[in-house]
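Please report on selected side chains in this model. Cover where they sit and what they reach.

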Amino acid sequence: GFCLGDCSAVQACGDASADGTLAATDALLALVTAVSGGTTCQACVCDVNRSGAITATDALLTLQRSVGQPVGLSCVLC
């Protein structure tokens with residue numbers, strides 16, 4: 001997991017909504033960030049392939065993992 005702010009909560013790689021579960025909505029938040037270039041999701045949480053940018057590929061990997069496919073996600077610490 002990853003510390004948020006003062007480390008009062010822990011956010012897992014790909015968990016864009018920070019609700020403790022990896023779901024399709026997390027993939028959607030990553031995709032919205034990739035398309036809009038916004039800040040809906042931090043790179044340290046949504047750049048799950050460590051490419052240096054949040055892209056549609058990150059959203060796809062997150063979605064695949066959320067439905068139980070054996071996809072490895074790798075984020076950097078925030």
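## Side chains that reach the backbone

Ser36 is found in helix H1, residues 24-36. Helices here are DSSP runs of H or I with at least four residues, numbered from the N terminus. The model is predicted: local features need pLDDT of at least 70, side-chain atom pairs count only at pLDDT 80 or more, and totals for chains, interfaces and linings use all residues. Residues are numbered from 1 along each chain as its sequence is written, and side-chain values use heavy atoms, with hydrogens and water left out.

Thr33 is also found in helix H1.

Asp47 lies in the loop between helix H2 (43-46) and helix H3 (56-66). Asp47 is buried, yet has no salt bridge (a side-chain nitrogen of Lys or Arg within 4 Å of a carboxyl oxygen of Asp or Glu). The nearest side chain of opposite charge is Arg50, 7.3 Å away. Beyond its neighbours within four places in sequence, Asp47 is in contact with residues including Ile54, Asp58 and Cys75.

| Side chain | Backbone atom | Distance |
|---|---|---|
| Ser36 | oxygen of Val32 | 2.7 Å |
| Ser36 | nitrogen of Gly38 | 3.0 Å |
| Thr33 | oxygen of Leu29 | 2.9 Å |
| Asp47 | nitrogen of Ser51 | 3.1 Å |

Key
Helix = DSSP H or I, 4+ residues; strand = E, 2+ residues; numbered from the N terminus. Buried < 20%, exposed > 50% of the residue type's maximum accessible area, 1.4 Å probe, protein only. Lys, Arg positive; Asp, Glu negative; His and termini not counted. Polar contact = N/O pair within 3.5 Å; in protein donor to acceptor, adjacent residues only side chain to side chain. Contact = heavy atoms within 4.5 Å.
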